[in-house]
Amino acid sequence: MNRFEKVITVINNSCDKYRFYLSEAEIGLIAKDLLTSGIFENKIIVDELKQGDTFKWGEKEYIKLDAISDGCLCLAKDVWFCSKFDNKAINWVKSQLRGDIATKVVDFIPDINKLMLFDRDLTTDDGLTDYGHCNDNVSMLTCDEYRKYRKYIPVINERQWTITATTNTNELVRGVDSDGSLNDDIVYYGCGGVRPLICLDRGTLVEVEE
């Protein structure tokens, strides 16, 4: 798919999403004008990136982890801020951090409409399913996701949270240590790194290096 066809795809996706009708000729003219303006230099549709590719969306860099049914699963390249998980809750749904991450990252999101809700499996590390599932549009990795995509996630020498509780009878949540290994952290420990995980609409234009 060449650059012109990519822009056509983005316009068509937006028209479908907002139920706005344009003829093929009109879409073609808009695409040509956009390409001529130069705003799509070094841009690509996120769906066309390979697993492990790094890209920039807005002010932040991400790593594409996978294409899932809901969109493209993308992990922030770096820790954005540090925080405790909660005063006592190990259930991600009830945690303070779940609310904090939704409000603190919004300033770095170019288009909130490009964030897709995606399923979060809150099975504890020892296999208990008490906390069920939830849907987020900004989240963090589960322990199982970290294992699954570990080969695409370079070590960044910072401690960071996952959303996976170790079990349902203590105050521990699984985290990633500064060397990339998995560990346990107390939920009220105040130095856990927050590395956002998002699910981008497949047609989202992102910036890549040539």
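**Charges and aromatic rings in a predicted model**

In this predicted model, the mean positions of the 26 positive and 36 negative charges of the chain are 1 Å apart.

Q: What makes a residue count towards the 26 positive or the 36 negative charges?
A: Lys and Arg count as positive, and Asp and Glu as negative. The chain therefore holds 26 positive and 36 negative charges by this rule.

Q: Why are Y62 and W80 called an aromatic pair, and which kind of pair is it?
A: Rings pair if their centres lie within 6.5 Å. The centres of Y62 and W80 are 6.1 Å apart, so the two rings qualify. Planes over 60 degrees apart count as edge-to-face; the angle here is 65 degrees, so the pair is edge-to-face. The structure holds six aromatic pairs.

Q: What parts of the chain does the pair of Y62 and W80 tie together?
A: Y62 belongs to strand β3 (residues 60–68), whereas W80 is in the loop between β4 (71–76) and β5 (81–83), so the pair ties together parts that are 18 residues apart in sequence. Both Y62 and W80 are buried. Ring pairs also link these two with F55, W57 and F108 into a cluster.

Conventions. Residues are numbered from 1 along each chain as its sequence is written. This is a predicted model: local features need pLDDT of at least 70, side-chain atom pairs count only at pLDDT 80 or more; totals for chains, interfaces and linings use all residues. Side-chain values use heavy atoms; hydrogens and water are left out. The place of a charge is taken as NZ of Lys, CZ of Arg, CG of Asp or CD of Glu. Rings of Phe, Tyr and Trp (its six-membered ring) pair if their centres lie within 6.5 Å; planes under 30 degrees apart count as stacked, over 60 as edge-to-face and the rest as tilted. Helices (H or I, at least four residues) and strands (E, at least two) are DSSP runs, numbered from the N terminus. Buried means under 20% relative accessible area, exposed over 50%, partly exposed in between (1.4 Å probe, protein chains only).
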